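Thanks for coming, everyone. Let me put the model up, and then I'll walk you through a few parts of it.

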Amino acid sequence: LKLQFLYLIGHQNLLHPPSRNTMSAGDDFSTFTNDSAMMLAHERALETARPDSLFQDPLAALLEGPKGATLSKAFGEGAAGPMGFGDWTDFHRVWTVVRTKFIDDTVASATAAAGAPAQLVNLGAGFDTRAYRLPCYEKFEASYEVDMDVVTSGKVTVFRALGDRAKAHCPVKNVTTDFMQEGWEGAITGSGYDAARPAVFVSEGLIMYLGVRQEGFLKELSAMAAAGSVLILNFIGGSAPGSHTQEAMSSILTDAGWTGLVFSRFGEAPLNFGRYKAGHEPSELFSFVVCTKA
């Protein structure tokens, strides 16, 4: 399997393989993106219901839709083996929880620093709810929630229906773009983002689906990031096609002007929180790097 499409293959083949006669490749990806957002919302809802929850996301249960639970169960059962987790079918639910907590804490830390960025750009935002549940977002002048139209339009409709149940801590600007096309960043700058001022950039579960566009995307992102910006980047680690070793990712980011790179793998202390199953080695397939623009 090509790693950058492993999630896509898992979802579509396990649950609802599209007809080649009725659905284009673009439609396949759009359907997958929306399904992924619902699956992640369901997994955040499960965590919220725990008495020892690592975070609270009261909107998650309202966003998981009719398929969130089915998607999560089928993906865990179908992908655990191929992804190296053996019979640990809850691996992805745990991954969703620890990556959510990791990003929550990293964003909060970035806002606490002197001269903290006053803008946040969420690339591949899906049904993210941080602007509605994290008080630290009060320090942002705006949160730019960027994704494909199929996700953004659906999210706008759902949040409008939620009304007073979804009150953001800062202005939320939903931005539609196509990351596979050069110039995607123009939609963000056209929505009020100030490229002359630092921002926190969150890229969660995105670049692994961009194929040959991954490096170009990172260069374009870097070009719109002012000095003092913080990047929180999720990527597939390793040497297989579509993945990056830490050395390769470090080279790309340092060449683009990022400094102080800190890498973490699923199962290591920063991406564990006591939830990683004992006996499993940390997984480089699920990696993060956090860095600052010089």
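**The sheet and its surroundings**

Okay, let's begin with the open sheet: seven strands in the order β3-β2-β1-β4-β5-β7-β6, with mixed pairing. Two strands count as paired if DSSP finds at least two bridges between them. The strands at the edges are β3 (172-176) and β6 (258-266); each has a single partner strand, so one side of each has no neighbour in the sheet. On average, and ignoring direction, neighbouring strands here are turned by 15 degrees against each other.

Before going on, a word on what we're looking at: this is a predicted model, where local features need pLDDT of at least 70 and side-chain atom pairs count only at pLDDT 80 or more, while totals for chains, interfaces and linings use all residues. Residues are numbered from 1 along each chain as its sequence is written, and side-chain values use heavy atoms, with hydrogens and water left out.

For the whole protein chain, the count is ten helices and seven strands. Those are DSSP runs numbered from the N terminus, with helices being H or I of at least four residues and strands being E of at least two. Of the 294 residues, 53% count as buried; buried means under 20% relative accessible area, exposed over 50%, and partly exposed in between, with a 1.4 Å probe and protein chains only.

On to its partners. β2 (residues 142-147) runs parallel to β1 (residues 119-123), with five bridges joining them. Leucine 123 has valine 146 of β2 as its bridge partner. β2 also pairs with β3 in the parallel sense, again over five bridges. In β3, lysine 173 is the bridge partner of tyrosine 144, and threonine 176 is that of aspartate 147.

Next, the helices. α4 (residues 68-79) and α5 (residues 91-112) have axes that come within 8 Å and cross at roughly 115 degrees. The axes are lines fitted to C-alpha atoms, for helices over the stretch in contact, and angles run from 0 to 180 degrees between N-to-C directions. That makes α4 roughly perpendicular to α5. On the α4 side, the contact (heavy atoms within 4.5 Å) is made by Ser72, Lys73, Phe75, Gly76 and Ala79, and on the α5 side by Phe91, His92 and Arg93. α5 also lies across β1, β4 (199-203), β5 (230-235), β6 and β7 (283-293), at about 10 degrees to β7.

Last stop: the segment after β7, where alanine 294 lies. Is alanine 294 buried or exposed? Alanine 294 is exposed, with a relative accessible area of 66%. Leaving aside residues up to four places away in sequence, alanine 294 touches Ala227, Gly257 and Thr259. Alanine 294 and tryptophan 258 are 36 residues apart in sequence, yet 5.8 Å apart in space, C-alpha to C-alpha.

That's my tour, so over to you.

Definitions and conventions:
Parallel < 35°, antiparallel > 145°, perpendicular 65-115°, else oblique.
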